[in-house]
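Here is a short briefing to read with the model open beside you.

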Amino acid sequence: MTKYGLRARVLAFTILPTLIIGGLMAGYFTFHRYQQLENNLIDQGINIIEPLAIASEYGMTQHSRESLKRLIGLTHRKNSPLIKSIAVFTQDNQLFVTSNYHRDFTRLRLPDGRPIPELTSVSRYGDDIILRTPIQAETSLDGFPLPSDLDPPVIGYISMQMTMDRAMILQYRDTFFAVIMVLIGIAVSALFGFRLVKSVTQPITDMVKAVHKIREGRLDTRVSGQLTGELDMLKNGINAMAKALSEYHEEMQQNIDQATSDLRETLEQIEIQNVELDMAKKRAQEAARVKSEFLANMSHELRTPLNGVIGFTRQLLKTALTPSQTDYMQTIEKSARNLLSIINDILDFSKLEAGKLQLEHIPFSLRDTLNETMHLLGPSAHDKQLELSLRIDAEVPDHLTGDPMRLQQVITNLAGNAIKFTEQGNVDVHISQSGPLHQGKCRLNVQIRDTGIGISPDQQRQLFQAFNQADSSISRRYGGTGLGLVITQKLVQQMGGLIRFESELGQGSVFTFSLDLEVSLLPQADQLPLDRIRGRRVWLLEPDPFTRAALCALLEEWRLDVTLVEPDAPWPAIADQDMVIIGSSQRHGSESVLARLDGLKRRQNRIVLLSSHEPALYEEMHQHGALHCLSKPVNHRKLLHALLSPEATKNELLPAPQPRHIEDIRVLAVDDNAANLKLIAAMLKEMVSQVVVCKNGKEAVHQAQSQGFDIIFMDIQMPIMDGISATQAIRSQSLNTETPIVAVTAHAIPGERERLIRQGMDDYLAKPIDEAMLAQLIKDFAHRRHQSSGPQQIDWTLAVRQAASKPELAQEMLTMLLISFDEVDALLEAAIRGEAPSQEVLDQLHRLNGGCAYSGVPGLQRLLSQLEQQLRDGVAVAELEPELLELQDAIEQVRAEAPRYL
C-alpha cells in the first residue's frame, strides 16, 4: 500500500503547482518593485544633491556659513519626506555646516584616508542611503571664472542622508497585494481540486466497498452509477469479476460436496488401513521380539556346546598326543572356531542393524595391530600356497586412536575373502596416507588386492546384500554366510569411512576403504632400536613382486642399504658383516631356497622368509645354515630382531613354556551344564589354588553364605535360581557382598554386557571361554582383592602393567590423566547444577574413561563406565547428581594419591 491516498494526491497535484508558481511570481515582482523604488529614491537624491553642490560653491568660497545653512535648510524642508540630514564638509573632511542637529554626523563624513569622490557616490547604512558629491570652485575669489582648460578644484563635498521609509511602505503595500492574489489563486485551485476529488474518489470508494463485500462472500454485490471513461471500464470489470466469482463459487461448492463425499469414503478406507497397519506393527514388534529371543537362544544354545568342544580340545592339546591325534584335535578346534565365527557374524549383523554397536576410542599401534591380523591370516594363505604381503608407507603414523578390534575385523573380512576366493597368486594389503595431517587426524587408505576369480558386473550389484554371495555355487564351493562384506561395509561407515571396490571377472579384485583416525600423542609400543643397524647392507632375494616391494619399503624406511638379487643370478661377493634375506614363493620353492643357502658362507646373518608354517621345513632351513626363519607376511618386529641377532639359534624360536603362576585365592564356579562346569573347573584349577563348583544359583547362594570367596564365576541361565537372582541374593546377605562376580554366559546379543553390569555383575565373560581372558580376569580381580585393604584409587602395579611394564610411561600416562581432570572439573560443576547438556557430558566422560584404561585407576574407571552407561540409557544428568559427586570425590582422591608415584 502507498503512504498517501488518491484524494491527497489529487489535491497535492492541483494546489502545489498553483502555490509554487504563485509564490515564485509574487517573490519576483516584489523584489523587482523593491529595486525599482530604491533606484527612484537614489535618482531623486542625485537630482537634489548635485544642483545643491553647484549652489553651495559661493558659500564655500566666501566661507559664508549663514548662506549655506539657509540654502541646505531650505532644500531639506522642501524634501523633508525623503531627506533626514544634509551636511557640508570642507576639503580637509571637516564639518562646515549642517541642515539640522545630527547625533552622529560621522556617518555623513567620509572615512579617514578616503579622497573626495569626483562624482556623486552612493552608499548604504542600514535602511538609509547616503549620497556624497564634490563641491568644485568654478570662479576665483574675486568673482572671475577659472580657465576652462584646468580642472576645477574641489573645495569640499556635500553629504545627504536619505530615508527609505516611504519606499518600504510602498513595498509592503505591493507585497500585501501579491500575497492576496496568491491566496486567491490557491483557493480557486483548491475549489477545482475538491470538485475533481469528489468526482473521482467517490466512485472509487464505492468500488472498494463493493470489492470488500465480494471478498466477504457476498458475490451478488454490483457497482452502480453513471460513470465515464476509465472509471466506467473499472466498474464493468469489477461487475464482471463478481459475476465470474459467483459462477466459480457455485461450481466449487459442487466440487467440494463431491470431494467431501469422496473424502468420507477415503477416510473410512484409511481407518481400515490404520487398523491393519496397527495390527501389522504389533506383528512386526512381536517378530522383532521373537528375533531377539531367537538370537539370544541361538547364541546360548550354540555357544554352550561350543564352549565344551573348544575348551576340552585345548585341554587335550596340552597333553601328550601323537601327530595324528594333534592334527585331529586342531581340526576339531578350527571347525569349532569357524562355527563360532559364523555365530559372531550373525550377532554383529544384528547389532549393526539395530544401531547398538559401540565403537572404542583408545590409542593403539597401527603396525602391531596389522601385523597381528596378518599373522592370523597367514596359515590360511599358506595352505593355498598364496603370497600374502603387507606394505605400510613410511609416512603413515603408527600411534593412532580408534577401535583397533573393529579395524582388525574389517581387514580380516576383506583379506580373508581375498584368500578364500584366490586359487593362486597374491593377496596384497597396502596402507597409505592421503594428504597431510589435519587437526590432529590422518586419512588412512587401506587397499586389499588379490588375483582371485573376480566378480562379474551382474554379481557386483548384489555384493553388499545380506545373506547373499556372488552366486549360489559360491556358498557351496567356498562356504560362508554372505554376511562378511555387509558387516564390513557397515563397520567402515560407522567409523566414518567409505568402502569401494573394482573387479574384473577372472582378473581379481581390489577393495579400498578410507578412515579418518586421530594421531595419538603417546607411543603404544616400544621404540625400535634402528640406530644399531642403520647404514648396513642387506642382500634381498625375493621373487614375489608384492612382497619384494613391501620389504624394500620397510628396509629403506629403516635406512638400510638394500641390494636386490635376482632368483636365477649367482651370489655376488658378500661381505661377512652383510645380511642376506631369502624369500620363498611358488616360483622359488623350498628346494631353491635350500640351494641358495648352500651357496652362502656361514658367516653372514642369513634370514629365510617362508610361505609355510610347517615346523619340519623350518628345521630343514636351520640345518642348511639359516639363522632365522620367519613366516610370511613378515612381522616388522621379528624381522628387526633377526637383523639385530645374527648369533640367535633356532632354539630361541621355540622358547620353553613358562610354568603358570597359581593365584592363592578361592574361586566359586556356578553352571548348570555339567560339561561346561567341568571345563571351567579344569581351567580354574590351573590358575587358582582352590575351586568350588555349584550346579545352580541356589547352591551358589548357600555356599556364599557359608564361606568367603575371592571371585565368583556365575552362569546366567540356570534352573531353580538363575544367575541374576543368585547375584542379588549374594549381594544382599552373605559373606561375599563385596566379592567380584563375573557373568559367564553364552548370550552375546547387543547390550548384554551392560545389562548384566547394571544387574550387579562386575564383569562379563562370553562363551566359549577364552583361556587368556579368563586368566586376565583372575589376575586383575585377584590383584584388586589384595589391594582392597586400603581405600586406594591408584593401583600402581596395574598401571605399570598397562603401560607395557614401563614405569616412565606409566608416570606419563598418569600425568596426562591429571591434566585431563582440569578439563572435566568445570563440566562436572555445570552438570551438578543441571546446566550441562547430556551429550557433552557423555562425550567428556567417554574420553576420560579411555584415559583411565591405561592409568591404573580401576575404581575410577568402573565409576565412569557406570555413569557412561546410564547416560547412554537416557538417564537425565540431573538424576545423576549423587554419582557425579562421587566422581568428583574419586578424582580428588586420585589427585591426592598421584604425587607419591610421580
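This is a predicted model: local features need pLDDT of at least 70, side-chain atom pairs count only at pLDDT 80 or more; totals for chains, interfaces and linings use all residues.

**The cavity**

- Searching the whole structure turns up one cavity of 30 Å³ or more, and the volume of the largest cavity is about 30 Å³.
- Its lining is made up of Ala669, Val670, Asp671, Leu677, Ile680, Phe713 and Val744.

- At least two lining residues come from each of strand 6 (362-365), strand 12 (508-519), helix 22 (807-832) and helix 23 (838-852).
- Helix 23 provides the largest share of the lining, with nine residues.
- By residue class, the lining has 14 nonpolar, 13 polar and five charged members.

**Helix 23 with helix 24**

- The helix 23 that lines the pocket also packs on helix 24 (residues 858-872), at an angle of about 150° and with the axes 9 Å apart.
- Angles over 145 degrees count as roughly antiparallel, so helix 23 and helix 24 are roughly antiparallel to each other.
- Their crossing is left-handed.
- On the helix 23 side, the contact is made by Val841, Leu842, Leu845, His846, Leu848, Asn849 and Cys852.
- On the helix 24 side, the partners are Leu860, Gln861, Leu864, Ser865, Leu867, Glu868, Leu871 and Arg872.
- The residues of this contact divide into nine nonpolar, four polar and two charged.

**Helix 17 with helix 18**

- Helix 17 (residues 697-706) and helix 18 (residues 723-732) have axes 9 Å apart and pack at an angle of about 15°.
- The two helices are therefore roughly parallel to each other, and helix 17 passes helix 18 in a right-handed crossing.
- Gly697, Ala700, Val701 and Ala704 of helix 17 make the contact with Ala726, Ala729 and Ile730 of helix 18.

**Helix 7 with helix 15**

- The axes of helix 7 (residues 366-383) and helix 15 (residues 636-644) come within 9 Å and cross at roughly 95°, which means that helix 7 is roughly perpendicular to helix 15.
- Arg367, Asp368, Asn371 and His375 in helix 7 meet His636, Arg637 and Lys638 in helix 15.
- What kinds of residue form this contact? There are no nonpolar residues, three polar ones and four charged ones.

**Backbone details**

- Lysine 632 and proline 633 are joined by a cis peptide bond, with omega about -10°.
- Proline 633 lies in the loop between strand 17 (628-631) and helix 15, the helix that crosses helix 7 at roughly 95°.
- Asparagine 93 has a positive phi of about 65°, although it is not a glycine.
- The loop that holds asparagine 93 runs between strand 1 (83-90) and strand 2 (95-98).

Conventions. Residues are numbered from 1 along each chain as its sequence is written. Side-chain values use heavy atoms; hydrogens and water are left out. On a 1 Å grid over the protein atoms alone, a cavity is a set of points where a 1.4 Å probe fits but cannot get out, and a pocket is an open set with protein on both sides within 12 Å along at least five of seven lines; lining residues have an atom within 4 Å of a point. Grid points are joined across faces, edges and corners, and a volume is the space filled by probe spheres set on the points. Axes are lines fitted to C-alpha atoms, for helices over the stretch in contact, and angles run from 0 to 180 degrees between N-to-C directions. Helices (H or I, at least four residues) and strands (E, at least two) are DSSP runs, numbered from the N terminus. Angles under 35 degrees count as roughly parallel, over 145 as roughly antiparallel, 65 to 115 as roughly perpendicular and the rest as oblique. Contact means heavy atoms within 4.5 Å. Ala, Val, Leu, Ile, Met, Phe, Trp, Tyr, Cys and Pro count as nonpolar, Asp, Glu, Lys and Arg as charged, and the others, Gly among them, as polar. A crossing is left-handed if the near helix is turned anticlockwise from the far one by less than a right angle, and right-handed if clockwise.
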